[in-house]
Amino acid sequence: MARFKQRDIISIRHFNKEELLYILDLSKHMEGYNHTDILKGKMLASLFFEPSTRTRLSFESAMNRLGGTVIGFAEPGASSTAKGESLSDSVKIIDGYCDIIVLRHYLEGSARLAADVAGVPVINAGDGANQHPTQTFLDLYTIRKTKGTLEGITVGFLGDLKYGRTVHSLAYALSHFSTEMYFISPSGLRMPKDCLEELRQRKVTCHETESLLGISKKLDVIYCTRIQKERFADPVEFEKVRGVYRLSKAQLEEMGTKDDLKILHPLPRVDEMDESLDGTDFAVYFHQARNGIPVRKALLASVLGAIE
Ligand code: CP
């Protein structure tokens with residue numbers, strides 16, 4: 001689809017349903033599509049101002065597997081940021097060294113700022129608590145692959161819904177697919193009001209609750225998230241909600257679920273999802289992380305114009 005060529009990927013809100021489905025179909029095509037040279041001669045700058053395992057390494061792996069090359073840093077302390085260089089100046093310089101930038105930064109709006117000053121396309125790999133659009137593409141891909149459809153399913157989002165950028169992005173994307181949504185969180189970590197209002201305007205049936213009790217049998221998907229210590233300004237507030245959810249096989253058996261429930265998690269997990277779930281048919285989170293490769297291949301190839 002020519003519409004992706006040289007396009008910034010900043011927010012999932014910028015993509016319509018047809019475009020989301022195009023990337024999911026292209027991702028399917030990219031499964032097992034290794035060792036080609038469609039991105040030969042192209043260079044990715046991978047700029048990570050916050051820690052990452054999955055996003056950074058799957059982008060870099062995808063670029064390498066399509067024949068491209070990668071420069072960048074995983075630790076901003078090793079860049080001139082440590083000497084006080086602004087993000088805007090860094091991006092203006094790096095723009096001249098590469099064909100595409102993948103940026104993770106702790107400030108909301110940083111990817112938009114980078115895209116405004118860069119001549120090359122910028123992909124948002126997570127900007128503070130705001131958006132993580134490429135995670136959303138792979139979450140949608142995983143749900144469609146494991147449930148067979150995105151239409152008409154009931155999804156429970158569990159955990160840190162206030163700061164959870166993956167939740168904000170995914171809930172919006174699923175609003176294209178007549179999804180019913182349950183938002184399960186402690187009262188201090190509820191889904192932001194503006195996100196809920198937007199979903200309701202888009203005719204999504206939304207429910208808020210603090211527990212899975214009484215709703216577990218309704219869910220086709222549980223999207224579990226970590227309570228993110230690093231996003232709390234006050235450590236006392238974090239201590240109030242630390243360990244509030246500990247999803248386990250025994251707990252799900254006791255509460256009862258649909259047989260074909262699937263549990264996703266963007267990872268990393270801390271203590272909110274017990275290892276007893278790992279061997280069950282519910283658990284798709286490791287598979288989900290692996291889907292980062294075909295999905296990011298699809299995004300890089302289409303933005304760099306190697307596939308139309
Ligand atoms: N899901 C995700 O963004 O993981 P990383 O923080 O390891 O990139």
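Predicted model: local features only at pLDDT ≥ 70, side-chain atom pairs only at ≥ 80, totals over all residues.
Residues are numbered from 1 along each chain as its sequence is written. Local features need pLDDT of at least 70, side-chain atom pairs count only at pLDDT 80 or more, totals for chains, interfaces and linings use all residues, and side-chain values use heavy atoms, with hydrogens and water left out.

**Exercise 1.** Work out which residues surround the ligand and which polar contacts hold an Å value.

Step 1. Grab the shell, taking residues with a heavy atom within 4 Å of the ligand: Ser 52, Thr 53, Arg 54, Thr 55, Arg 104, His 132, Gln 135, Pro 266 and Leu 267.

Step 2. Now look for polar contacts (pairs of N or O atoms within 3.5 Å). A polar backbone atom of Thr 53 is 2.8 Å from a ligand oxygen, and a polar side-chain atom of Arg 104 sits 2.9 Å from a ligand oxygen. On the nitrogen side, a ligand N is 3.0 Å from an N or O atom in the Gln 135 side chain.

Step 3. Check the cover: of the 250 Å² of accessible area the ligand has on its own (Shrake-Rupley, 1.4 Å probe), the protein covers 91%.

**Exercise 2.** Find the volume of the largest cavity and some of its lining.

Step 1. Read off the volume, the space filled by probe spheres set on the points: about 60 Å³.

Step 2. List the lining: Arg 54, Gln 135, Pro 266 and Leu 267 are among them, as are Tyr 285 and Arg 296.

Notes. Polar contact = N/O pair within 3.5 Å; in protein donor to acceptor, adjacent residues only side chain to side chain. 1 Å grid on protein atoms, 1.4 Å probe; cavity = no way out; pocket = protein on both sides within 12 Å on 5 of 7 lines; lining within 4 Å.
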